[in-house]
2 protein chains.
Amino acid sequence: MKREHQISNQVIKRLPRYYRFLGELSAKGIVKISSQHLAELMGITASQIRQDLNCFGGFGQQGYGYNTSALQAEIGKILGLDTIKNVIIIGAGNLGKAILSGMHFNKRGFEAIGIFDSSEKVIGTSVAGLTVQSMDELPGFCKKNNVAVAVLCIPSTTLRETCETIIDLGIKGIWNFSHGDLSDFKDKAVIENVHLGDSLAALGYNLK
Amino acid sequence: MKREHQISNQVIKRLPRYYRFLGELSAKGIVKISSQHLAELMGITASQIRQDLNCFGGFGQQGYGYNTSALQAEIGKILGLDTIKNVIIIGAGNLGKAILSGMHFNKRGFEAIGIFDSSEKVIGTSVAGLTVQSMDELPGFCKKNNVAVAVLCIPSTTLRETCETIIDLGIKGIWNFSHGDLSDFKDKAVIENVHLGDSLAALGYNLK
């Protein structure tokens, strides 16, 4: 992949959106699309699209546009969707269950292989085909399995402690749904925070 | 509020983060903070902070810094947190239940007043103090209550249809957790999409 090392984080955050739109177009049988048309669909400018895709070599042909499925596949490769990464969920409350049942990890280059909780109430119950395990079983599980990502769906009171535990167990990726600041763990793991509150606040502002 | 009309959407999206950090500082008893220090904590530049806050008049004093609680309150006003907006949840599956139980709407300028589902299995059950109502009851409910926002936690197959229904009922804000493109509803409602898949994909990329 040409010049991939230069891709900024802002462009990376837009790639999944290209991937999604191109997948929808391809599923509808649309084989090629111009940057103008794609821009209209996505609510951005054609110039933005050309700039973004040029970051990793560009895929369009002047006067032809982009081949939807080829471009989607290429973006998928850049995003690492062709390499399966094992995921575990920490916290089997409503949110943990919703993430495990609804995220279609296997369509996104991930495989959910375990779910853990510390509450006796849920340990042993089944969620989306997986049995909720005790947090005590986590170290042994991580030794046997190559876990790349932990999804944190836990109370904020146990967030930092859990974070330390999973980093000590060698997990390098954290997808954090819990409230709390993990910025001082940034050197030890890749952290992606989902701040639903920020999204809700933006909605509130735009409603005014 | 000075110059508020000029605030770009990008700045708006950053305001909740300022609000959150300032709240945490204030809760820790920190009364004032310099833009340099706040920038370090937030992982952005001091110049970015000054630019952002200048968009609505600026609140800092040269050589003093920002008063954490006053600035937080001001940002809260800008975000409309001082005006309570009624919210309903559509879809009482795991995700709908997680959002209703975990979002602390009342701390964010919202009040959750209803949850609806079309499945007989969940209608009548209780979630976080609210009884799940049938979708058939939605029109009557919206007539009696001033509903500002609908949170969509439904299968993508019913997304567009549900969106049309709630817009027809006069709901102006949509917080969408379902997969699917709602861009053609943008003229009729304020739509905030939560694309968890994009967040997960960015994590996958950064893990490489």
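Helices (H or I, at least four residues) and strands (E, at least two) are DSSP runs, numbered from the N terminus. I start there because the elements I name follow that definition. This is a predicted model, where local features need pLDDT of at least 70 and side-chain atom pairs count only at pLDDT 80 or more, while totals for chains, interfaces and linings use all residues. Residues are numbered from 1 along each chain as its sequence is written, chains are lettered from A and ligands numbered from 1 in the order in which they are written, and side-chain values use heavy atoms, with hydrogens and water left out.

Chain A, overall. There are eight helices and nine strands in chain A. Its C-alpha atoms fill a box of roughly 60 × 45 × 35 Å along the principal axes. Of its 208 residues, 48% count as buried; buried means under 20% relative accessible area, exposed over 50%, partly exposed in between, with a 1.4 Å probe and protein chains only. Contact means heavy atoms within 4.5 Å. Among the chain A contacts with a separation of 6 or more, 57% come from residues 24 or more positions apart.

Now some loops. Ala128(A) lies between strand S5 (126–127) and strand S6 (130–134) of chain A. Its phi is positive, about 45°, although Ala128(A) is not a glycine. With a relative accessible area of 52%, Ala128(A) is exposed. In chain B, Ala128(B) sits in the loop between strand S5 (126–127) and strand S6 (130–134), with a positive phi of about 50°. Ala128(B) counts as exposed at 53% relative accessibility.

Gly93(A) is in the loop between strand S3 (85–90) and H5 of chain A. At 34% relative accessible area, Gly93(A) is partly exposed. Gln48(A) is 45 residues from Gly93(A) along the chain, and their C-alpha atoms are separated by 40 Å.

Next, helices of chain A. In H5(A), residues 94–102, the buried residues include Gly96(A), Ala98(A), Ile99(A) and Leu100(A). Just after H5(A) comes His104(A), with a positive phi of about 50°.

Which side of H2(A) do its buried residues take? In H2(A), residues 35–42, Ser35(A), Leu38(A), Ala39(A) and Met42(A) are buried. They lie on the same side of H2(A), because they cover an arc of only 100° around the axis; the arc is that of the directions from the helix axis to the C-beta atoms. An α-helix has 3.6 residues a turn, so residues three or four places apart point the same way. After H2(A) comes Gly43(A), whose phi is positive, near 70°.

Over to chain B. Helix H2(B), residues 35–42, packs against helix H3(B), residues 46–54, at an angle of about 110°, with the axes 8 Å apart. Axes are lines fitted to C-alpha atoms, for helices over the stretch in contact, and angles run from 0 to 180 degrees between N-to-C directions. H2(B) and H3(B) are therefore roughly perpendicular, a term for angles of 65 to 115 degrees. On the H2(B) side, Ser35(B), Gln36(B), Leu38(B) and Ala39(B) meet Ala46(B), Ile49(B) and Arg50(B) of H3(B). These contact residues divide into four nonpolar, two polar and one charged.

Last, cysteines. The structure holds zero disulfides over all chains, a disulfide being a pair of cysteine sulfur atoms within 2.5 Å. For Cys142(A), the nearest cysteine sulfur is that of Cys163(A), 13 Å away. Cys142(A) counts as buried, at 12% relative accessibility. Cys163(B) is buried, at 0% relative accessibility.

Key:
Angles under 35 degrees count as roughly parallel, over 145 as roughly antiparallel, 65 to 115 as roughly perpendicular and the rest as oblique. Ala, Val, Leu, Ile, Met, Phe, Trp, Tyr, Cys and Pro count as nonpolar, Asp, Glu, Lys and Arg as charged, and the others, Gly among them, as polar.
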